Amino acid sequence: MAEREIPEQYLEGYARILAEVSATGRRLTREEIASRRALGEQAADAGYGLRRLVSAHLAATRTAWPAAAASADGVLAAVQQAVDAFAEGFERAQRQAVRQEEAARREFIDDLLYGRSDLGRLAERAERFGLRLAHAHAVAVAQGPVAYDEGDPVPRQVERALISRFGDRSTLLTTKDGRLLCVAPGHQDEVLTHFAKQAHAATDGGRVAIGRPQPGPGGVVHSYEEALNTLELAERLNLEDPVLRAADLLVYPVLARDRQAMAELVLATLGPLTTARGGPQPLLDTLTAYFDSGCVAAEAARRLTLSVRALTYRLERIHKLTGANPADPAHRYMLQTAVIGARLLDWPAQEL
């Protein structure tokens, strides 16, 4: 495509300035400098490139060079002043355009993640940022030891890694509330997986949660909320996995949905542990390690830095206090559900 010619309007008054400077030896006036800045802003707004605009000024300088110029140095000083003022206006307009673009992007991201905008209008705006909200999307959220903004080195590092691997895949990388976010089409799980790997490394071991793909314009906010809830669950349950998927943890929101019923189960099943010497926490930790290790006593003992004999004694003590045997499949589900409930409700630290 041929480049557009620079219209004469962006050089208005330039030849006259050169002629007057050549005749009088004066510098540019404030009004003349202001007019050059204004023309630079107008050219930037019109989408012309600075390199070609400067080239047009130099070409105009050759054409309008005063034949009777007493001092080439004086004319060149005026050219420098004029081009510098023009470039200053051009750059000012570009900075303003960037700020407006950033503001529009941030407003869109806020509306997208909070569902505050009309969904039809939101879908139209999304195409400007490479998203087609008629399709299903999933969101991955990474949380590190510190808060991040979009311009920080960590988000830029993760973005470069994704672009170098996948190019433009209709994804949106951003930050929200100090966390890194990646929005990707629901069928491109490899993008979210790679984002999780890169974000975990870039945040020095931060945790990443991936929501399920959700359809329609409101799907992004639903997947985002799932990812946030998964991060919260991971913290409350002390889950060690660096990457967690909401689809793998659906049982926990179900269990937490009826808080009163869960509290009654915890108290009825595990309440007797409060009578143990040293309180219920050591025995509760024993059950947690036992179930997390697949009910393998040797592995549970290793996790607790106990001997197998000491672990077996604790399990027998739990059986005696609660009447439920952790090694008995008939009792195991009730005990394990109660242990999960205790972790969700932060019992016994919090009274139920």
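Reader: Is Cys295 buried, partly exposed or exposed?
Author: Cys295 is partly exposed, at 21% relative accessible area. Buried means under 20%, exposed over 50%, and partly exposed lies in between, with a 1.4 Å probe and protein chains only.

Reader: And Cys182, buried or exposed?
Author: Cys182 is buried, at 0% relative accessibility.

Reader: How many disulfides are there?
Author: Zero, in a search of the whole structure. A disulfide here is a pair of cysteine sulfur atoms within 2.5 Å.

Reader: What sort of model is this?
Author: A predicted one: local features need pLDDT of at least 70, side-chain atom pairs count only at pLDDT 80 or more, and totals for chains, interfaces and linings use all residues. Residues are numbered from 1 along each chain as its sequence is written, and side-chain values use heavy atoms, without hydrogens and water.

Reader: New topic. Which helix and strand counts does the protein chain have?
Author: The protein chain has 14 helices and five strands. These are DSSP runs, numbered from the N terminus: helices are H or I with at least four residues, strands are E with at least two.

Reader: What box do the C-alpha atoms fill?
Author: Roughly 110 × 40 × 35 Å, along the principal axes.

Reader: How much of the protein chain is buried?
Author: Of its 352 residues, 42% count as buried.

Reader: What about contacts in the protein chain?
Author: Take those between residues at least 6 apart in sequence: 69% join residues at least 24 apart. Contact means heavy atoms within 4.5 Å.
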